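Student: Hi! Could you walk me through this model while I have it open? I'll just ask things as they come up.
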Amino acid sequence: SASGYSAPATKLAVNVAAPVFTFSGLDSNRSPASARNNFSVYVTTPGANYSGSQSAAADLQINLAVVDATPAGIVDGFYSAPTGGAAVTQVLLRKDYTNSDGVYVGTPTAAGSYKVQASALGVANSTSGVVTVSAPELRFSTAAVTVGKGLKTYPYEAYVYRAVNGTAFSGSEALTVNLSSSDASKASVPASITIPAGQSYVYFYVTGVDLTNGVPVSIDASASGYSAPATKLAVNVA
């Protein structure tokens, strides 16, 4: 109402709906070698015109839990930092924000699966999709390279990375990867390279030693606790 004005013929109908928590940044594939997984809780309102843009009216503490864990204890909870930090059971959705502060899921201890649950009493209770924990593997960035005799590849042409179910992941610790050539008299690679802690890959050079004449040399990779690449790196020396 306002002085001198008639009231609206059509009133504004307001429906108050239960919000839904979703998980931003939560990995669906992990490994026992994975670094802690950073994610935040995002709030949406089903049916709202701006479903993902409604912010918290006041600070809201959201309770976190690991549920449906197989085996039990596959992850040991949540942390405030990527390394060290404090163990936490809640995360804060701050007033006027749609996303909570960041929080980290611990490193898995074994293969298996789990889900993450976020709840606030009387507001919302949501559970993530399944997070699958699998044995880690090594993969090459490309299936084949061609290098000139007496030359070495472009520095950023080939790299090896750690993956789980085909998805690259950052490891909690540095990883030494051993490289080998099926014929070092034709194409050579470093004996070993290291993927730094907190990263998923490392570049390496391939050196052309002698012409392969259409018969590629095979490069393989190995690391403790990791399966070797299913697809080897084929090298042609021209």
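Predicted model: local features only at pLDDT ≥ 70, side-chain atom pairs only at ≥ 80, totals over all residues.

Student: How many bridges join β5 to β6?
Tutor: Two bridges, with β5 covering residues 78-79 and the two strands running antiparallel. If you want a pair to click on, phenylalanine 78 is opposite valine 88 in β6.

Student: Let me zoom out. How many helices and strands does the protein chain have?
Tutor: Zero helices and 22 strands.

Student: Is the chain spread out or a compact globule?
Tutor: The protein chain is more spread out than a compact globule, because its radius of gyration is 26 Å, well over the 18 Å that the globule rule gives for 238 residues. Along the principal axes, the C-alpha trace spans about 90 × 45 × 25 Å.

Student: What share of the contacts is between residues 24 or more positions apart?
Tutor: Among contacts with a separation of 6 or more, such residues account for 68%.

Student: On to the cores. How many residues are in the largest nonpolar core, and which have the most contacts inside it?
Tutor: The largest nonpolar core has 27 residues, and Val160, Val177, Phe204 and Val235 have the most contacts inside it. At least two of its residues come from each of β12 (137-140), β13 (144-147), β14 (159-164), β16, β18 (192-195), β21 and β22. Another core lies apart from it, with 23 residues, among them Val75, Val91, Ala120 and Ala124.

Student: Which residues is valine 177 in contact with?
Tutor: Leaving aside neighbours within four places in sequence, valine 177 is in contact with Leu138, Val160, Ala191, Ser192, Ile193, Ile195, Ala221, Ser222 and Ala223.

Student: I keep running into β21. Which residues are on its covered face and which on its uncovered one?
Tutor: In β21 (residues 217-222), Val217, Ile219 and Ala221 make up the covered face, while Ser218, Asp220 and Ser222 make up the uncovered one.

Student: Which partners does β21 pair with, and over how many bridges?
Tutor: With β16 (residues 175-181), β21 pairs in the antiparallel sense over four bridges. Asparagine 178 stands opposite serine 222 there. With β22 (residues 233-237), the pairing is antiparallel over three bridges. Leucine 233 of β22 is the bridge partner of isoleucine 219.

Student: Staying with β22, is valine 237 buried or exposed?
Tutor: Valine 237, which is found in β22, counts as buried because its relative accessibility is 5%. Beyond its neighbours within four places in sequence, valine 237 is in contact with a list of residues including Val147, Lys186, Val209, Leu211 and Asn213.

Student: How far apart are valine 237 and aspartate 220?
Tutor: They are 17 residues apart in sequence, and 17 Å apart in space from C-alpha to C-alpha.

Student: Last topic, the aromatics. How many aromatic pairs does the structure hold?
Tutor: Nine. One of them joins tyrosine 156 and tyrosine 203, edge-to-face, at 5.1 Å centre to centre with 80° between the planes.

Student: Which parts does that pair tie together?
Tutor: Tyrosine 156 is in the loop between β13 and β14 and tyrosine 203 is in strand β19 (residues 201-203), so the pair links parts that are 47 residues apart in sequence.

Student: Are those two tyrosines buried or exposed?
Tutor: Tyrosine 156 counts as exposed, at 54% relative accessibility. Tyrosine 203 counts as partly exposed, at 31%.

Student: And how do the rings of tyrosine 201 and tyrosine 203 sit?
Tutor: Their centres are 5.5 Å apart and their planes are at 85°, so that pair is edge-to-face. Tyrosine 201 counts as partly exposed, at 34% relative accessibility.

Student: Which tyrosines form one aromatic cluster?
Tutor: Tyr154, Tyr156, Tyr159, Tyr161, Tyr201 and Tyr203.

Terms used: Residues numbered from 1 in each chain as written. Heavy atoms only, no water. Pairing = 2+ DSSP bridges. Buried < 20%, exposed > 50% of the residue type's maximum accessible area, 1.4 Å probe, protein only. Core = buried A, V, L, I, M, F, W, Y, C linked by side-chain atoms within 4.5 Å. Contact = heavy atoms within 4.5 Å. Rg over C-alpha atoms; globule rule 2.2 N^0.38 Å. Phe/Tyr/Trp six-rings, centres within 6.5 Å; stacked < 30°, edge-to-face > 60°.
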